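Student: I am just starting to read protein models, and I would like to look closely at one part instead of the whole thing. Could you walk me through the contacts between charged side chains?

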Amino acid sequence: MHDAKLNDEPGRLAALQRLEVLDTAPEEPFENVVSLVRTVLGVPMAAVTLIDQDRQWFKARSGLGVSETPRNVSFCTHAIRQSEPFLIDDARLDNRFADNPFVIGDPNVRSYAGIPLLTPDGYNVGVLCAIDDKVRTFTPGEVDILANFARIVMNELQLRHIAERDQLTGALTRRGFIEKAEQEIARFRRYHRPCCLALVDIDHFKAVNDTYGHPAGDAVLREMVATVVGASRPVDLLGRLGGEEFAVLLPETEAFEALQAVERFRETLAGLAIPLADGRVIHITASFGIAPLSDAVETVEEWIAAADGPLYAAKRGGRNRCEMLH
């Protein structure tokens, strides 16, 4: 790994954001790895930790009571500054850590072994670490085992990201979209930040498939996604809920702003000419139903159902229009 990448903090944070993993729920593959690390290396603590701008967040942890810590007290923030394993035999004898709260007090860290989690594009986004409350020297064999586990963690991070994206359109899968919407509901409960969800339905889509064939239908779905993504903000998220059913998540957006944004999507789609392989051109329109997030919404399914009413009203009202839940 080049030293330039080690010192490129904005690039490193961008690589971490691309993984879309921060603040997600526990997942079995990562839980399995930390529990194996504990067993195989005989340590009381192990974690998959990701280093965000000013915190370390644990994707998985075993034997540790916290889910995140400030970055400046973390051992892992030192580990990501190098490409080799980061090893400490006795933290009390290391002037970087002798007065660290996790060394002086609970959980009484003494020895540490951390393998940086290296992305394919060359950034250390976090660390797989083994931690002991006893002084010890990790052997080369133990470090190799930890490095193999770190590769497994990195593969899993890549896989979960691929599984979040629909292969045909590049939109989020239903699973990926629901996970993001759950995060927005949690944020709404904590901070009361506004957020809206819009359902998208391509008008007479079945007729496109029947008239022009399924490859044309696929082309329409791809173009629709590319167009909506192109007309939306980087924070907005488009998901494919199934078949031709799509939804857009609009964070930090009040109802009237959502209506303006969705109206813009609608107009852009209506002006689209989609070329087919045989030289013909298809024009499409879409109907939209919008539901702002409210205290009444408990689950993502309820939120989607709330947007379903206005979507039905838009279709009943003549299609190619946006309706808002009142």
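Tutor: Let's begin with Glu-20, which is buried, with a relative accessible area of 18%. Keep in mind as we go that this is a predicted model. The cut-off for "buried" is under 20%, so Glu-20 at 18% falls into that class. Its partner is Arg-165: the two form a salt bridge, and their closest N and O atoms are 3.1 Å apart. Now find both residues in the chain. Arg-165 sits in the loop between helix H6 (140-163) and helix H7 (174-191), while Glu-20 sits in the loop between helix H2 (9-18) and helix H3 (28-41), so this pair ties together parts that are 145 residues apart in sequence. Arg-165 is partly exposed, at 27% relative accessible area, whereas Glu-20 is buried.

Why would such side chains pair at all? Side chains of opposite charge can do so when their charged atoms come close.

Next, move to Glu-252, which takes part in a salt bridge with Arg-187, at 2.8 Å from N to O. Arg-187 belongs to helix H7, and Glu-252 to the loop between strand E9 (245-251) and helix H10 (255-270), so parts that are 65 residues apart in sequence are tied together by this pair. Arg-187 has 28% relative accessibility and counts as partly exposed. Glu-252 also counts as partly exposed, with a value of 34%.

Stay with Glu-252 a moment, for there is another contact to see. Glu-252 forms a salt bridge with Arg-193 as well, and here the closest N and O atoms are 2.8 Å apart. Arg-193 lies in the loop between H7 and E7, and Glu-252 in the loop between E9 and H10, so the pair ties together parts that are 59 residues apart in sequence. With a relative accessible area of 38%, Arg-193 is partly exposed. Taken together, Glu-252 meets Arg-187 and also Arg-193.

Salt bridges can also join up into a group. In this model, Glu-27, Lys-59, Arg-160, Arg-175 and Glu-179 are linked in a network of salt bridges.

Terms used. Residues are numbered from 1 along each chain as its sequence is written. This is a predicted model: local features need pLDDT of at least 70, side-chain atom pairs count only at pLDDT 80 or more; totals for chains, interfaces and linings use all residues. Side-chain values use heavy atoms; hydrogens and water are left out. A salt bridge is a side-chain nitrogen of Lys or Arg within 4 Å of a carboxyl oxygen of Asp or Glu. Helices (H or I, at least four residues) and strands (E, at least two) are DSSP runs, numbered from the N terminus. Buried means under 20% relative accessible area, exposed over 50%, partly exposed in between (1.4 Å probe, protein chains only).
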